[in-house]
Amino acid sequence: MPDSSTREAVPHQRHGLAQSIEAASLAIPFRVKVAAVWAVIFALLAFAFFRSGFDIQWMIDKTPAIVRGVWVTILFSVIAITAATFLALLGALGRISKNPIAYGISGFYTSFFRGTPLIVQLFLWYLALPQLAIGLLPEPYASWFIWPAQVAGVVGIAFNYGAYMTEIFRSGIEAVPHGQTEAADALGMSYGQRMRRVILPQAARIVIPPTGNEFIAMIKDTALIGLLGTTILWADPFRVAQLTGKADFRNLEALIIAAIVYWGLTAIFSFFQRKLEARMSKGYVRTAVKAG
Amino acid sequence: MRTTTRRTPRGLIALGALAASSVLLVACGGGSSTSTSSSAAPAESSAAAETSAAPAESSAAPAADGLLAQILESGTLRVSTDPAYPPQSSYDEATGEWQGFDIDVANEIATRMGVVTQWETPAWDVITAGNWNDRWDVSVGSMSITEERAQVLDFTEPYYFTPAGVAVNADSDIQSIDQLAGKRVGVCGACTYEYYLNRTLAIPGFNFEFLVPEDVEIVTYDTDTTALQDLKLGRVDAMVSAVPLLEEAIKKGKEIRLVGDPVFLEPLAVAVDKSASQPVDSLVAELNRIIAEMHADGTLSELSMKWYGVDITKGPGA
């Protein structure tokens with residue numbers, strides 16, 4: 001008789017145990033349920049992890065050294081996002097320009113740097129650029145382009161992300177209503193004045209949230225710089241993990257630590273990213289209410 | 001209005017050109033400043049030199065010119081190492097420095113030149129490909145003298161000889177090298193062990209017997225330790241690598257074992273880049289003189305005993 005008793009317990013619902021569970025769970029807040037799902041996932045992962053014969057003592061010993069690489073990641077990311085923002089601004093102005101040279105250069109820039117793998121670009125900056133410089137420039141100018149791995153890596157990431165962000169910036173600028181341009185023109189503003197005082201400030205609030213997303217993605221991609229062979233002073237968590245893992249034949253353990261370190265880092269920045277997005281959208285919501 | 005829009009593109013070009021040139025300047029400035037800061041090399045070379053006497057100013061050093069003169073003048077020998085290769089070269093996270101046989105040998109060479117070492121750590125295939133663009137001066141990286149590499153690199157006389165061997169998982173059925181026929185064998189890509197398996201290994205002055213069956217399925221990796229990882233995971237049945245590396249892995253708890261005797265001895269040498277912007281002949285001569293000296297006074301044997309537990313500095317003929 002379990003069937004009929006269930007029916008009695010939830011008289012207004014369709015039959016079945018599933019329905020009774022659903023009804024009971026209505027009382028539990030959604031966030032608590034999500035937390036429970038996460039707890040189960042972590043419990044399963046932890047179980048699998050401890051059963052798999054990893055050298056846990058080794059991992060505990062090496063974690064500090066791998067975590068210490070985080071400052072390199074943050075430094076690389078901050079420099080690269082700054083340079084990428086600058087490149088993207090130029091690129092976006094080029095993409096909306098009526099000048100064939102500016103339009104052509106920016107078109108080549110976005111096409112090439114979005115159309116080739118980032119890791120290939122990094123090796124081109126590291127290995128091919130010096131070759132080009134030596135072929136084209138007299139000494140000592142050629143040696144200016146022979147960069148150490150970390151410089152080639154950061155420049156490479158900045159150019160790559162700058163190309164993606166060019167499209168973000170372009171769409172941000174184009175999203176500013178055309179009436180703003182006309183109003184600026186009507187006031188007799190020059191191109192530079194119009195961009196600096198009218199268009200770009202309004203475009204900025206549109207492009208800042210997606211730029212934050214690019215920054216978080218960039219944090220992870222800086223790990224590729226280690227593949228160029230950065231030396232220990234410039235070793236990020238992935239590079240340190242590879243070096244320590246290979247020294248002790250504990251590659252898998254080292255990679256697991258590195259994964260957790262990057263995950264934690266992006267989780268922190270994602271938190272701030274959500275705050276930022278909430279703040280940015282707040283302004284739009286208020287404007288919309290006023291207008292309505 | 002009309003004139004405004006006409007003027008704008010020219011203004012933009014000027015702005016673009018200005019910005020582009022400032023990007024260039026920023027990039028270059030960044031380049032030079034960070035390269036100097038990466039010269040914070042471990043200053044352990046003096047400590048590694050406890051066995052040797054004073055630097056070689058007294059002995060008959062060849063006339064210093066080209067790259068050698070530049071090294072002596074700067075007081076720094078820039079050495080590339082692939083720190084994925086214990087006990088030749090690996091990262092000691094406790095001290096934050098590189099350690100191993102190659103590291104000690106390079107430090108000793110630098111000490112005898114009267115300079116200090118500065119480490120560069122590019123990927124192995126970047127080192128063997130030559131065209132170093134003057135990023136570092138020499139490779140002290142247990143590099144085998146192959147014909148292909150000799151086209152882009154100049155080698156010194158060998159400073160030691162590594163036995164290459166075959167390893168399998170401890171519980172494998174494979175008991176002899178003949179049983180590798182038809183099996184998957186892991187090996188580092190574009191290295192002597194792959195050439196050996198391909199039967200294309202050629203080193204002037206040395207003859208090799210290709211003992212591993214011809215029909216093995218070769219699986220290549222970025223470096224030997226990755227191949228070892230895959231051997232443990234069972235994706236390959238065996239691997240070929242340096243016996244010292246395999247023994248180090250066993251010592252550090254990897255459940256693998258060597259199969260049969262070493263398959264060949266590879267002569268390993270210091271290398272310099274033929275395409276360096278300065279002539280390298282006097283540097284090679286100086287390196288040869290120092291290596292001969294280190295063979296003769298027992299320094300290399302001593303370091304070999306320290307890192308490998310055996311003296312592998314004598315050639316196949318000796």
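The questions and answers below concern chains A and B of a predicted model.

Me: How many helices and strands are there in chain B, and what share of its 318 residues is buried?
Reply: Chain B of this predicted model holds eleven helices and eleven strands. Among its contacts with a separation of 6 or more, 78% are accounted for by residues 24 or more positions apart. Of the 318 residues in chain B, the buried ones make up 45%.

Me: Which strands stand at the edges of the open sheet of eight strands in chain B?
Reply: The strand order of this open sheet is β5-β1-β6-β11-β7-β10-β8-β9 in chain B, and its pairing is mixed. From one strand to the next, the twist averages 30°. Each edge strand has a single partner, so one side of each is left without a neighbour in the sheet, and these strands are β5 and β9 (217-221) of chain B.

Me: How many bridges join β1(B) to β5(B), and do the two run parallel or antiparallel?
Reply: Individual partners can be named along this pairing: B:T76 has B:V116 as its bridge partner in β5(B), and B:L77 stands opposite B:T117. B:S80 in turn has B:E120 as its bridge partner in β5(B). Strand β1 (residues 76-80) and strand β5 (residues 116-120) of chain B are joined by five bridges, and they run parallel.

Me: What is the bridge partner of B:S80 in β6(B)?
Reply: Strand β1(B) is also joined to strand β6 (residues 138-144) of chain B, by two bridges, and these strands run parallel. Within β6(B), the bridge partner of B:S80 is B:S139.

Me: Which strands form the open sheet of three strands in chain B, and which of them stand at the edges?
Reply: The three strands are arranged in the order β2-β3-β4 (chain B), with antiparallel pairing. Two bridges join β2(B) to strand β3 (residues 89-92) of chain B, and B:Y85 stands opposite B:S89 in β3(B). Each edge strand has a single partner strand, so one side of each lacks a neighbour in the sheet, and the strands concerned are β2 (84-85) and β4 (97-99) of chain B.

Me: How are α4(B) and α11(B) oriented, roughly parallel or roughly antiparallel?
Reply: The axes of helix α4 (residues 101-113) and helix α11 (residues 299-308) of chain B come within 9 Å and cross at roughly 155°. Since angles over 145 degrees count as roughly antiparallel, the crossing angle settles the orientation of α4(B) to α11(B) as roughly antiparallel.

Me: Which residues of α11(B) are met by α4(B), and into which classes do the residues of the contact divide?
Reply: The crossing of these two helices, α4(B) and α11(B), is right-handed. From α4(B), the residues B:F101, B:D104, B:V105 and B:E108 meet B:T299, B:L303, B:S304, B:W307 and B:Y308 in α11(B). By class, the residues of this contact are five nonpolar, two polar and two charged.

Me: Is B:W307 buried or exposed?
Reply: B:W307 lies in helix α11 of chain B, and, leaving aside neighbours within four places in sequence, it is in contact with B:P87, B:G100 and B:F101. Its C-alpha atom is separated by 25 Å from that of B:W136, 171 residues apart along the chain. Because 21 other C-beta atoms lie within 10 Å, B:W307 is buried.

Me: What is the handedness of the crossing of α8(A) and α10(A)?
Reply: In chain A, helix α8 (residues 149-175) and helix α10 (residues 191-221) pack at an angle of about 150°, with their axes 9 Å apart. That angle makes α8(A) roughly antiparallel to α10(A). Among the residues that meet are A:I157, A:Y161 and A:F169 in α8(A) and A:I199, A:V207 and A:M218 in α10(A), and the contact has 14 nonpolar, two polar and two charged residues. The crossing of α8(A) and α10(A) is right-handed.

Definitions and conventions:
Residues are numbered from 1 along each chain as its sequence is written. Chains are lettered from A and ligands numbered from 1 in the order in which they are written. This is a predicted model: local features need pLDDT of at least 70, side-chain atom pairs count only at pLDDT 80 or more; totals for chains, interfaces and linings use all residues. Axes are lines fitted to C-alpha atoms, for helices over the stretch in contact, and angles run from 0 to 180 degrees between N-to-C directions. Helices (H or I, at least four residues) and strands (E, at least two) are DSSP runs, numbered from the N terminus. Angles under 35 degrees count as roughly parallel, over 145 as roughly antiparallel, 65 to 115 as roughly perpendicular and the rest as oblique. A crossing is left-handed if the near helix is turned anticlockwise from the far one by less than a right angle, and right-handed if clockwise. Two residues are in contact if their C-beta atoms, placed from the backbone, lie within 7 Å. Ala, Val, Leu, Ile, Met, Phe, Trp, Tyr, Cys and Pro count as nonpolar, Asp, Glu, Lys and Arg as charged, and the others, Gly among them, as polar. Two strands pair if DSSP finds at least two bridges between them. A residue is buried if 20 or more other C-beta atoms lie within 10 Å of its own, exposed if 12 or fewer, and partly exposed in between; C-beta atoms are placed from the backbone.
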